[in-house]
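Student: I have a structure to go through. Can we take it one question at a time?

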Amino acid sequence: MVDGVGCVYLVGAGPGDPELLTLKAARLLKSADVVVFDRLVSREILAEVPAGVARISVGKQPAHHPVPQDEINQLLVRLAQKNRQVVRLKGGDPFIFGRGSEEAMELARHGVPYEVVPGITAAQGCAASLKVPLTHRGKASGVRYLTGHCRQDLDLDFDWQGLADPDTTLVVYMGKANIAEIAGHLMENGLTSSMPVLVVCNGTTGRAQHMLTSLCCVARDVAGAGFDGPVLFIIGNVASLTQSMEISDVPQGIATSALA
Ligand SMILES: C[S@@+](CC[C@H](N)C(=O)[O-])C[C@H]1O[C@@H](n2cnc3c(N)ncnc32)[C@H](O)[C@@H]1O
């Protein structure tokens with residue numbers, strides 16, 4: 001620790017369910033002087049912040065950033081220099097599509113002590129909540145996390161041939177606006193049009209919705225679903241396991257309803 005300078009904890013809040021907070025995250029929330037949080041942090045998790053702790057919202061929305069990243073960085077540095085214990089609370093894991101590493105670099109540049117507290121990333125939380133494994137012997141030997149949105153809406157210039165691997169699960173974050181293009185690239189590069197896609201919105205929260213569809217239909221189905229909240233796409237053969245897992249969970253003799 002540096003005398004007279006507080007510490008900034010870059011904390012992952014997980015995908016939404018407060019029970020998925022780590023013990024460390026829950027402890028830090030209770031002992032912080034100030035919590036600086038993003039839009040994706042669920043209201044259930046914010047309810048865990050004690051009444052006396054100051055809260056600062058720096059919420060971002062796709063293509064609409066009310067507090068620019070530079071200002072967030074400066075805010076964290078300023079708060080620490082005023083000797084505050086700061087929790088910088090981010091949805092999921094702070095270092096997975098969370099810009100936590102940019103904040104860490106800025107803190108380091110100013111000599112501000114910081115710690116990184118991992119959180120359950122949306123891919124893991126959403127998959128587990130639907131009993132879907134991201135890897136499974138014979139169905140997926142690996143998993144990749146991909147952003148479906150590039151800075152300043154630049155083209156999605158990825159190695160589509162490498163990504164179109166039927167033996168790997170592909171989890172697409174921030175892909176709602178570009179899912180037609182993403183599905184198109186994957187099919188052009190060899191994934192079958194019937195490849196299962198599990199779409200999860202507000203996963204792990206009381207507002208969670210999900211839909212099992214396929215690569216050829218995902219864009220149309222998502223457009224028709226009117227999802228309101230963060231959306232994640234799990235593309236690959238494991239996605240179809242949501243059906244078999246749910247059915248095997250139900251005691252024999254009880255009818256199962258079709259998946260949403
Ligand atoms: C800026 S990224 C942040 C990811 C976060 N750092 C993580 O590790 O999960 C935001 C994207 O994460 C995904 N996401 C986060 N929470 C989610 C949830 N509860 N349900 C579905 N998708 C979620 C969505 O794809 C959303 O557009």
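Student: Where is Phe97 found?
Tutor: This is a predicted model, so read every value as computed. Strand E4 covers 86-90, and helix H4 covers 100-109. Phe97 sits in the loop between E4 and H4.

Student: Is Phe97 buried, partly exposed or exposed?
Tutor: Buried means under 20% relative accessible area, and exposed means over 50%. Phe97 has a relative accessible area of 36%, so Phe97 is partly exposed.

Student: What is the phi of Phe97?
Tutor: Phe97 is not a glycine. Even so, its phi is positive, at about 45 degrees.

Student: Which loop holds Met174, and what is the phi there?
Tutor: Met174 lies in the loop between E7 and H7. Met174 counts as partly exposed, because its relative accessibility is 43%. Met174 is a residue other than glycine with a positive phi, near 55 degrees.

Student: Now the inside of the protein. Which residues touch the most other members of the largest nonpolar core?
Tutor: In soluble globular proteins, nonpolar side chains tend to be buried together. Here the largest nonpolar core has 25 residues. Those touching the most other members are Leu186, Val199, Leu215, Val218, Phe233 and Ile235.

Student: Which element gives the largest share of this core?
Tutor: Several elements each supply at least two residues, among them strand E7 (168-173), helix H7 (179-188) and strand E8 (196-201). The largest share is 4 residues, and it comes from H7.

Student: How many residues are in the second core?
Tutor: This core is separate. Leu28, Val41, Val53 and Val87 are among its members. The count is 19 residues.

Student: What does Val218 touch, not counting residues up to four places away in sequence?
Tutor: Val218 is one of the residues that touch the most other members of the largest core. Set aside residues up to four places away in sequence. Val218 then touches Ile179, Ala183, Val197, Val199, Thr213 and Phe233.

Student: Which side chain makes a polar contact with the side chain of Thr168?
Tutor: Thr168 has its place in strand E7. Thr168 counts as buried, because its relative accessibility is 16%. At 2.7 Å, its side chain makes a polar contact with the side chain of Asp165.

Student: Is Thr205 buried or exposed?
Tutor: The place of Thr205 is in the loop between E8 and strand E9 (209-214). The cut-off for buried is under 20%. Thr205 has a relative accessible area of 12%, so Thr205 is buried.

Student: Which residue has its backbone nitrogen 3.0 Å from a polar atom of the Thr205 side chain?
Tutor: First, the contacts of Thr205. Leaving aside its neighbours within four places in sequence, Thr205 is in contact with Pro15, Gly16 and Glu44. The backbone nitrogen at 3.0 Å belongs to Arg207.

Student: Is Met105 buried or exposed?
Tutor: Met105 lies in helix H4. Exposed means over 50%. Met105 has 61% relative accessibility, so Met105 counts as exposed.

Student: Last one. What does Gln124 contact, leaving aside its neighbours within four places in sequence?
Tutor: Gln124 is found in helix H5. Gln124 is partly exposed, because its relative accessible area is 43%. With its neighbours within four places in sequence left aside, the contacts of Gln124 are Leu134 and Tyr145.

Conventions. Residues are numbered from 1 along each chain as its sequence is written. This is a predicted model: local features need pLDDT of at least 70, side-chain atom pairs count only at pLDDT 80 or more; totals for chains, interfaces and linings use all residues. Side-chain values use heavy atoms; hydrogens and water are left out. A nonpolar core is a set of buried Ala, Val, Leu, Ile, Met, Phe, Trp, Tyr and Cys residues joined through side-chain atoms within 4.5 Å. Buried means under 20% relative accessible area, exposed over 50%, partly exposed in between (1.4 Å probe, protein chains only). Contact means heavy atoms within 4.5 Å. A polar contact is a pair of N or O atoms within 3.5 Å; within protein, one must be able to donate a hydrogen and the other to accept it, and residues adjacent in sequence count only if both atoms are side-chain atoms.
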